[in-house]
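Walk me through this protein, one contact at a time. Keep the structure in view and find each residue as it comes up.

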Amino acid sequence: MKPTLISRNIIDVAGGNVRKILQSSDVFFHGFGEAYISEIEPAFVKGWKKHTKMTSTLFVPFGHVRFVTLDQIHSDTQFHEYFLSNLQPEILQIHPNTWFAFQGLGEQKSIISNIADVEHEPGEAINSAIEDFEFNWEI
């Protein structure tokens, strides 16, 4: 299943806006397993990773991040890029068995929030070196 980019609302509130990320009534809500935050330094690339069970719902509350997913159909490889930042009210949902990697953009450390539908299990994710897939990470 292809990743899904979902627009969210910013609720204008005096003293600071509210950004709703996920609620149980959303059609794309698959349940709750755990939530965590990852940090990424500017220009650094993390990945490749493929979860076998987990659906990751990703949100960037601070900074700018490029996510790259990989479709492998027979011998054809297609990359898809998604850009998330605190300036855009969007989330990216990555479904099981999708390879992905991500890169910090800008000049400061970025923060990524993942609301996963299952808890982390050792062996549930497959990791691969960034060089294993030929993607140009230059900005």
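Asp26 and Arg8 form a salt bridge, and their closest N and O atoms are 3.2 Å apart. This is a predicted model. Find Asp26 in the loop between β3 (18-19) and β4, and Arg8 in the loop between β1 and β2 (10-11). The pair therefore ties together parts that are 18 residues apart in sequence. Are these two residues buried or exposed? Both Asp26 and Arg8 are buried.

Side chains of opposite charge can pair when their charged atoms come close. The count of salt bridges here comes to four. Another one joins the side chains of Glu121 and Lys53, at 3.3 Å from N to O. Glu121 sits in the loop between β11 and β12 (125-127), and Lys53 in the loop between β5 (45-51) and β6, so this pair ties together parts that are 68 residues apart in sequence. Glu121 has 34% relative accessibility, so it counts as partly exposed. Lys53 counts as partly exposed too, because its relative accessibility is 48%.

Now look at Arg66 and Glu81. They form a salt bridge with the closest N and O atoms 2.8 Å apart. Arg66 belongs to strand β7 and Glu81 to strand β8, so the pair ties together parts that are 15 residues apart in sequence. Which of the two is buried? Arg66 counts as buried, at 6% relative accessibility. Buried means under 20% relative accessible area. Glu81, with a relative accessible area of 38%, is partly exposed.

Next, the strands. Strands of a sheet pair through backbone hydrogen bonds, either parallel or antiparallel.

Strand β4 runs antiparallel to β11 (residues 110-116), and seven bridges join them. One place to check is Ile37, whose bridge partner in β11 is Ser113.

Then turn to the nonpolar residues. The largest nonpolar core has twelve residues, among them Ile40, Leu58, Phe67, Leu92, Phe102 and Ile112. Which strands each supply at least two residues of this core? They are β6 (56-62), β7 (64-73), β8 (76-85), β9 (90-94) and β10 (99-105). Leaving out residues up to four places away in sequence, Leu92 touches Pro3, Thr4, Leu5, Ser56, Thr57, Leu58, Phe67, Tyr82 and Leu84. A second, separate core has nine residues, including Val45, Ala101, Phe133 and Trp137.

Which residues form one aromatic cluster? Trp48, Phe79, Trp99, Phe133, Phe135 and Trp137 do. Of these, Phe133 and Trp137 are also in the second core.

Definitions and conventions
Residues numbered from 1 in each chain as written. Predicted model: local features only at pLDDT ≥ 70, side-chain atom pairs only at ≥ 80, totals over all residues. Heavy atoms only, no water. Pairing = 2+ DSSP bridges. Helix = DSSP H or I, 4+ residues; strand = E, 2+ residues; numbered from the N terminus. Core = buried A, V, L, I, M, F, W, Y, C linked by side-chain atoms within 4.5 Å. Buried < 20%, exposed > 50% of the residue type's maximum accessible area, 1.4 Å probe, protein only. Contact = heavy atoms within 4.5 Å. Phe/Tyr/Trp six-rings, centres within 6.5 Å; stacked < 30°, edge-to-face > 60°.
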